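Subject: Structure handover

Hello,

Here is the structure I promised to pass on. Please open it alongside this note.

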Amino acid sequence: MASSDADHAVWLRGIEKRFPGVIACAGADLRVRPGTIHALLGENGAGKTTMVNVLAGVYRPDGGEVWVNGERRFFQSPADAIAAGVGMVYQEFRLVPTLTVAENIVLGSAPRLLRSAEIEERVAELSAAYGMAADPTRPVWQLSMGERQRVEILKALWRNASVLVMDEPTAVLTPGEAAELGAALRAMADDGRSIIYISHKLDQVVAFCDEATVLRQGKTVATVDDLQDVDLTSLAEMMVGSTEGGYVERPPAMEAGPEVLSLQGVSALNDRGLPALTDINMTVHSHEIVGIVGVSGNGQKELAEVINGLRRPTQGQVKVKQQDVTDASPGDRYLLGLAYVPEDRLGVGLAPKMSVVDNSIVRSYRLQRRGLMLVMAKCVEFCQGLVERFGVRTGRLNDPIAGLSGGNLQRLLLGRELAEQPAVLVAAQPTRGLDVQGVAAIQSHLVAQRAEGVGVLLISEDLDELLALSDRLLVMYEGRVVSELAPDVTPRSVIGEAMAGQVRA
Amino acid sequence: MSEAALIGLFVATVQFGTLVFLAALGELIAERAGVLNLGVEGMMAMGAVSGFMVGLETGSPWAAFFAAAAVGALVGGLHALVSVVLGADQVVSGLALTIGGLGLAAYVGRNVVGERPETLFTDLGIAGLADIPWIGEIFFDQPPVVYLTVLLGLAVWFVLARTRLGLAVRAAGESAPTTDTAGHSVMALRSGAVMVGGAFAGAAGSFLSLYMAPGWVEGMVAGRGWIAVALVIFGAWRPGRLALGALLFGFTLALQPRLQSFDIELLGVEVNRISPALLGILPFVLTVAVLVIISWRYRHRPSPAPAALGLPYRREER
């Protein structure tokens, strides 16, 4: 070892961690120098989140050593890691929605007696010092995702963390917020703190970070001492282990068939009772993929819900195959030929504790029954068919579906929705969080469905995916469709401006 | 109806209110930490019998009161062990505690049925105030447990709202992973809350057997534990509203045995012909009504119910 241990703010050495049936880390290493922003890269399931959870004291490693600021540590709980100066910002924020910003920040390190005014003042000082605006008196449930993330960072700063771990920090941010975050992290690094930055977005990694560690299948496969020396392609290669891994080939243009889905003047409210959709007009035809572009939170979720009957529009009409379904139940819409792959796979799309078989028949159980009874043999046969056709890798079919990986969950969900040859498929974030193989599989199924005559409404935050697959792009901004663009002739800069609400006349 | 009868009604209202408030306050602590304990009825029975027996033995109502609290804490600790430490279903564990607690109390107390302790709690006439007509008798000439319970109510409010411990307890009831990663032990917070809650329920039980209905008979808790559980919901998990609800529920409990003696007409109905059994379900009807109001009023913001109520927490689960 050329440098001494004291040179490292964090040194995770030969970390091993096993979960039932899964080896998450198989001797992975991570070394972070003080005052740097260190990217931790890898595909889903490579072990990134497990590594940082070991560092944060959430998981106890089965093997390996944890060193922080030159000292070997044996964390028994998150409290130990916090005391050692490790601050963690989880991908799913660890905030209590009903508590105020100030209460959330001081939770775990509050004075014995809470004097609200005094705490709020100190929190305000801290947020001013780091240029991160956050009203300390507001309850967290009222905040945007970007504001919540600032609260998480302030929480770590409040405890004077010397190491800050950020797990997928920009997934929930607008491009502007992401840039602000980059600047804030740089200021903290200049302050002498070390930052571990987990992300899939390689362009941001190169823009924000100094050095990088790449994990694959629970092992460290590469380290980069200076990110300025490498380009995006070689980073991507290190992650996947081969050069392939782009997007599915752009399908040849097809003549669009009859209209299968249309929205006329649709408006709807969000969960808080505020306008989420305003006067939406759109149509999807057979043999076409219509892409919805937009920064998340601009009405995409509500759009999918209104189309599928999970949210009642305040105005307007929804039609499937020319029939008005505005007042129809989700089940009736399905029978009419509307299939739906929701954003929240394991919650809305699938029931986690139910078996693979049960999950695969919940839409089409009518076909597997005799009289009032389900015929189990038919159910298993149906499920087996989906598993084979869509290449789902699964254990026993009667085990809870929650044991499947993200890619396999999505394959089964998509297979189930396509089993009865729908006319329309609404797919919300169908490839988000999947590994390269999973992305390719799902995308090729979408393209194949288009060829067979299905009209696909593809809602995605991945611009490259939308550009590769869509026949038409609709840009959503603040609940409106602000423009319609042709993916092959529109420069990215124009799409970016439309996403930001700046539509050129 | 005589003036004395009316004053008697309100005196009993305060006492029944105290009984259900004390038990419900304990349940509120547990629920704010995220643990539903449906064993209140059983814990009260255990408190009632053990308090009564210690009272017989020692002749000191205070020794009996605190012994009952200790027994309640122990029984609550059983629920904590099963549902918090071992992560079993809270509803099942709580119901088992009620059934088992009632049965165990009957067994433990089988030889003391019909006995009377020598010393019971006596009314504490507060000098100067107790002589005020009406008000004095209703509020200032009550047994000391009534005043202690008021102080406990204030203390619970203060701890929950104004201290680090209270913040941690509230956070544990809203989101266990958040509380854990902030550096508090969810297991310790929840177990502690359930045990303190058990102590309150046990103490409430002894108030029943040492003052309100001196003695021990099987089934003497008579559903007041369930009223306490309902009261927590009725009070929307807030100590202040809990106190108001306790007076209302206490009023229905006090009215029940007196209903027949009320010779008045209300809205064209002769009050003394209303069945007391019908009055007995009023707290539960009101609770359901409050639940409906809550879910309507809070449709666009987080409900006042602790978000993690009833959810066990294990750190290394993925």
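Predicted model: local features only at pLDDT ≥ 70, side-chain atom pairs only at ≥ 80, totals over all residues.

Residues are numbered from 1 along each chain as its sequence is written, while chains are lettered from A and ligands numbered from 1 in the order in which they are written.

**Domains of chain A**

Chain A splits into domain 1 (5–240) and domain 2 (259–350 + 418–499). The bounds come from an automatic or database domain assignment. The domain centres, taken over C-alpha atoms, are 33 Å apart.

**The six-stranded sheet**

Chain A has an open sheet of 6 strands in the order 6-7-8-3-9-10, with mixed pairing. Strands here are DSSP runs of E, at least two residues long; helices are runs of H or I, at least four; both are numbered from the N terminus. Two strands pair if DSSP finds at least two bridges between them. Strand 6 (86–89) and strand 10 (219–224) of chain A are the edges, each pairing on one side only. On average, neighbouring strands of this sheet are turned by 20° against each other, direction ignored.

Look at strand 8 (residues 194–198) of chain A. It pairs with strand 7 (residues 163–167) of chain A in the parallel sense, over 5 bridges. Within that pairing, A:Val165 has A:Ile196 as its bridge partner, and A:Met166 stands opposite A:Tyr197. Strand 3 of chain A also runs parallel to strand 8 of chain A, joined by 4 bridges. There, A:Leu40 has A:Ile198 as its bridge partner.

Strand 8 of chain A is mostly covered, with 5 of its 5 residues buried. Buried means that 20 or more other C-beta atoms lie within 10 Å of the residue's own; exposed means 12 or fewer, and partly exposed is in between, with C-beta atoms placed from the backbone. In a regular strand the side chains alternate between the two faces of the sheet. In strand 8 of chain A, A:Ser194, A:Ile196 and A:Ile198 point one way, and A:Ile195 and A:Tyr197 the other.

Axes are lines fitted to C-alpha atoms, for helices over the stretch in contact, and angles run from 0 to 180 degrees between N-to-C directions. Contact means C-beta atoms, placed from the backbone, within 7 Å.

**The four-stranded sheet**

A second open sheet in chain A has 4 strands in the order 12-11-14-15, with antiparallel pairing. Strand 12 (275–285) and strand 15 (323–324) of chain A each have a single partner strand, so one side of each has no neighbour in the sheet. Helix 9 (residues 300–307) of chain A packs on this sheet and touches strand 11 (259–269), strand 12 and strand 14 of chain A. The direction of helix 9 makes about 60° with that of strand 12 of chain A. Strand 14 (residues 315–320) and strand 15 of chain A pair over 2 bridges. A:Val320 has A:Gln323 as its bridge partner.

**Two residues with positive phi**

Most residues other than glycine have a negative phi. A:His287 has phi near 65°. A:His287 sits in the loop between strand 12 and strand 13 (289–293) of chain A, and counts as buried because it has 20 C-beta neighbours inside 10 Å. B:Ala236 has a phi of about 50°. B:Ala236 lies in the loop between helix 10 (224–234) and helix 11 (239–255) of chain B, and with 19 C-beta neighbours inside 10 Å it counts as partly exposed.

**Chain B and its contacts**

Chain B has 13 helices and 4 strands. Its radius of gyration is 20 Å, close to the 20 Å that the globule rule gives for 318 residues, so chain B is as compact as a globular protein of that length. That radius is taken over C-alpha atoms, and the rule is 2.2 Å times the number of residues to the power 0.38. Of the 318 residues of chain B, 47% count as buried.

In chain B, 20 residues are in contact with 26 residues of chain A. Helix 7 (164–174) and helix 8 (176–181) of chain B each supply at least two residues of that side.

Best wishes

Definitions and conventions: Contact = placed C-beta atoms within 7 Å.
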